[in-house]
Amino acid sequence: MHLVLEPPDTLGWLRIGMSRTEAGLALDRFKDAAAVSESDRPGLNVFRPSGLMISVSCGAGGTVEAIELGRPYKGGDTVTYQGVDVFALPAREVVNQLSRTVRLVEEDDGASFVAPDLLLSFWRSFVEDDDPAETQGYYFNAVLLARPGYYDGPTG
């Protein structure tokens, strides 16, 4: 499955601001009926056969505030933004390519980057730009698409 991040609000069938019920139905569409994961939590997350995790966070008002994706551990699914595969390319390469068109702010000594104008966030456990075998530090492990103000605190 090829998923495209479309800030400020969309990833495939998911949309920031949709109701928890709508989000649950949308998450179901990401499932592979032939390989349903025991880790799936209805209305909260789905794990694809590749290991790609897709989850939503809802605020007190019951609407989606954030959509998070976890890096797949094998092939079959891709996640792109502006044509850049955010999980298959080394984190440093993702940053280099996206910084040509997007303002990125480095945080945690390079372990995470936020595009504040889009509220798109990229994260890895630690920084290891020289050793591809250290997948937790060489690649981004997660990407987050969120509502404006998400990092400022909860909303009603």
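Residues are called buried under 20% relative accessible area, exposed over 50% and partly exposed in between, with a 1.4 Å probe and protein chains only. The structure is a predicted model, in which local features need pLDDT of at least 70 and side-chain atom pairs count only at pLDDT 80 or more, while totals for chains, interfaces and linings use all residues. Residues are numbered from 1 along each chain as its sequence is written, and side-chain values use heavy atoms, with hydrogens and water left out.

Side chains of opposite charge can pair when their charged atoms come close. With a salt bridge taken as a side-chain nitrogen of Lys or Arg within 4 Å of a carboxyl oxygen of Asp or Glu, a search of the whole structure finds six. One of them joins arginine 147 to glutamate 65, with 3.3 Å between the closest N and O atoms. Arginine 147 lies in the segment after strand S12 (142–146) and glutamate 65 in strand S6 (residues 64–70), so this pair ties together parts that are 82 residues apart in sequence. Here helices (H or I, at least four residues) and strands (E, at least two) are DSSP runs, numbered from the N terminus. Both partners, arginine 147 and glutamate 65, are buried.

Another salt bridge brings together the side chains of arginine 92 and aspartate 129, at 3.4 Å from N to O. This pair also links distant parts of the chain, as arginine 92 sits in helix H2 (residues 91–98) and aspartate 129 in the loop between strand S11 (120–123) and helix H3 (135–138), 37 residues apart. Arginine 92 is partly exposed at 31% relative accessible area, and aspartate 129 is partly exposed at 27%. Aspartate 129 also meets arginine 124 in a salt bridge, with an N to O distance of 2.7 Å. Arginine 124, at 0% relative accessibility, counts as buried. Through shared partners, Arg92, Arg124 and Asp129 form one network of salt bridges.

Attention now turns to the aromatic side chains. Rings of Phe, Tyr and Trp (its six-membered ring) pair if their centres lie within 6.5 Å; planes under 30 degrees apart count as stacked, over 60 as edge-to-face and the rest as tilted. By this rule the count comes to four aromatic pairs. In one of them, the ring centres of tryptophan 13 and phenylalanine 30 are 4.9 Å apart and the planes stand at 65°, so the pair is edge-to-face. Tryptophan 13 belongs to the loop between strand S2 (10–11) and strand S3 (14–15), and phenylalanine 30 to helix H1 (residues 20–30), 17 residues apart. Tryptophan 13 is partly exposed at 35% relative accessibility, whereas phenylalanine 30 is buried at 0%.

Phenylalanine 113 and phenylalanine 140 make an edge-to-face pair as well, at 6.2 Å centre to centre and 80° between the planes. Phenylalanine 113 lies in strand S10 and phenylalanine 140 in the loop between H3 and S12, 27 residues apart. Phenylalanine 113 is buried at 3% relative accessible area, and phenylalanine 140 is buried at 1%. Phe113, Phe122 and Phe140 form one aromatic cluster.

Finally, there is aspartate 108, which is exposed at 55% relative accessibility and lies in the loop between strand S9 (105–107) and strand S10 (112–115).
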